[in-house]
Amino acid sequence: MEQIDPAKIRFDDRGLVPCVVQDWSTGEVLTVAYMNTEALERTRATGETHFWSRSREELWHKGEGSGNVQRVRALRADCDADAIVALVEPAGPACHTGERTCFFRALDSAEADGRSAGPNGHLAPHEALPALERTIADRRDADPAGSYTAALLADPARIGEKVEEEAEEVVRAAADESDARVREEAADVLYHLDVLLASRGLSVADAFEELNARRR
């Protein structure tokens, strides 16, 4: 990846540059805010996001009051150097409403009620695993009698058996069944693998980090 001199960032006539904030682990967009020169400098110096409030006309440190700071893992500029992406590890919700992301409202009614692509039509493909991980975390303390996920988490040996079983099924499906069956069995593998990782205090992002480390 190319490196750009921060001095070459092109601020607008108000001295601001938009900053898109994404979750480092999932890639989900959390918010969009603005930085001036000082906000960018403080962000780079402290490793936590700082922005310029256009309404209050003051510098602010995200999470200073709430504790929901955003630890910066990477800062990237676009091709014109007039927009920034901050990849962060959030300590809590990004939105002042308490929502995890500021982008929780759909403009299209079909997306809002799930009619665009099934019962979870509002989820894009890249949002599936992060949403699944949050569901697994929510089920951790549920009654195993009423939750398959909770039952698996309470029986680590069974999780491993299910991963092995589902892996065998996707291999068989790939050999002589339809693409739809392969897709279904692959989803089962991903679900059970995600539960296995959660049982060890890991996430899919940890596996992705390992893949990145293997790049030559």
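**Helices, sheet and loops of the predicted model**

Helix H6 has 21 residues, and the distance from its first C-alpha to its last is 30 Å, close to the 30 Å expected at 1.5 Å a residue. The structure described here is a predicted model. Its chain has a mean pLDDT of 92, with 94% of the residues at 70 or more. One stretch calls for some care: over residues 115–120 pLDDT stays under 50, and there the model has seven contacts beyond four places in sequence.

Back in H6, the buried residues are Glu185, Val189, Tyr191, His192, Asp194, Val195, Leu197 and Ala198. These buried residues pack against four helices, namely H3 (128–139), H4, H5 and H7 (204–213). After H6 comes Gly201, which has a positive phi near 75 degrees.

Helix H5 (residues 156–176) is one of the partners of H6. With 21 residues at 1.5 Å a residue, H5 should span 30 Å, and its end C-alpha atoms, 31 Å apart, agree with that expectation. Its buried residues are Ile159, Lys162, Val163, Glu166, Val170 and Ala173. Seen down the axis of H5, they fall within an arc of 105 degrees, so they line one face of the helix. The face turned away from this buried side carries the exposed residues Ala157, Glu161, Glu164, Val171, Ala175 and Asp176. As for what covers the buried residues of H5, they pack against helix H4 (148–153) and helix H6 (179–199).

Turning to the strands, an open sheet is formed by four of them in the order S2-S1-S6-S5, with mixed pairing. Strand S2 (29–35) and strand S5 (70–77) are the edge strands, each pairing on one side only. On average, neighbouring strands of this sheet are turned by 25 degrees against each other, direction ignored. S5 and strand S6 (residues 84–90) run antiparallel and are joined by seven bridges. In one of these pairs of residues, Ala77 has Ile84 of S6 as its bridge partner.

Leaving aside residues up to four places away in sequence, Cys19 touches Thr31, Val32, Ala33, Met35, Phe51, Ile84 and Ala86. Among them is Val32, which is 13 residues from Cys19 in sequence but 5.6 Å from it in space, C-alpha to C-alpha. Ile84, also touched by Cys19, is the bridge partner of Ala77.

Most residues other than glycine have a negative phi. Ala81, although not a glycine, has a positive phi of about 60 degrees. This alanine, Ala81, sits in the loop between S5 and S6, the strands that are joined by seven bridges. With a relative accessibility of 7%, Ala81 counts as buried, because the cut-off for buried is under 20%. Glu57, likewise a residue other than glycine, has a positive phi near 55 degrees. Glu57 is placed in the loop between strand S3 (50–53) and strand S4 (58–61). In contrast to the buried Ala81, Glu57 counts as exposed, because its relative accessibility is 60% and the cut-off for exposed is over 50%.

Technical notes:
Residues numbered from 1 in each chain as written. Predicted model: local features only at pLDDT ≥ 70, side-chain atom pairs only at ≥ 80, totals over all residues. Heavy atoms only, no water. Contact = heavy atoms within 4.5 Å. Helix = DSSP H or I, 4+ residues; strand = E, 2+ residues; numbered from the N terminus. Expected span 1.5 Å × (residues − 1). Buried < 20%, exposed > 50% of the residue type's maximum accessible area, 1.4 Å probe, protein only. Arc of directions from axis to C-beta. pLDDT = per-residue confidence, 0-100. Pairing = 2+ DSSP bridges. Axes fitted to C-alpha atoms, helices over the stretch in contact; angles between N-to-C directions.
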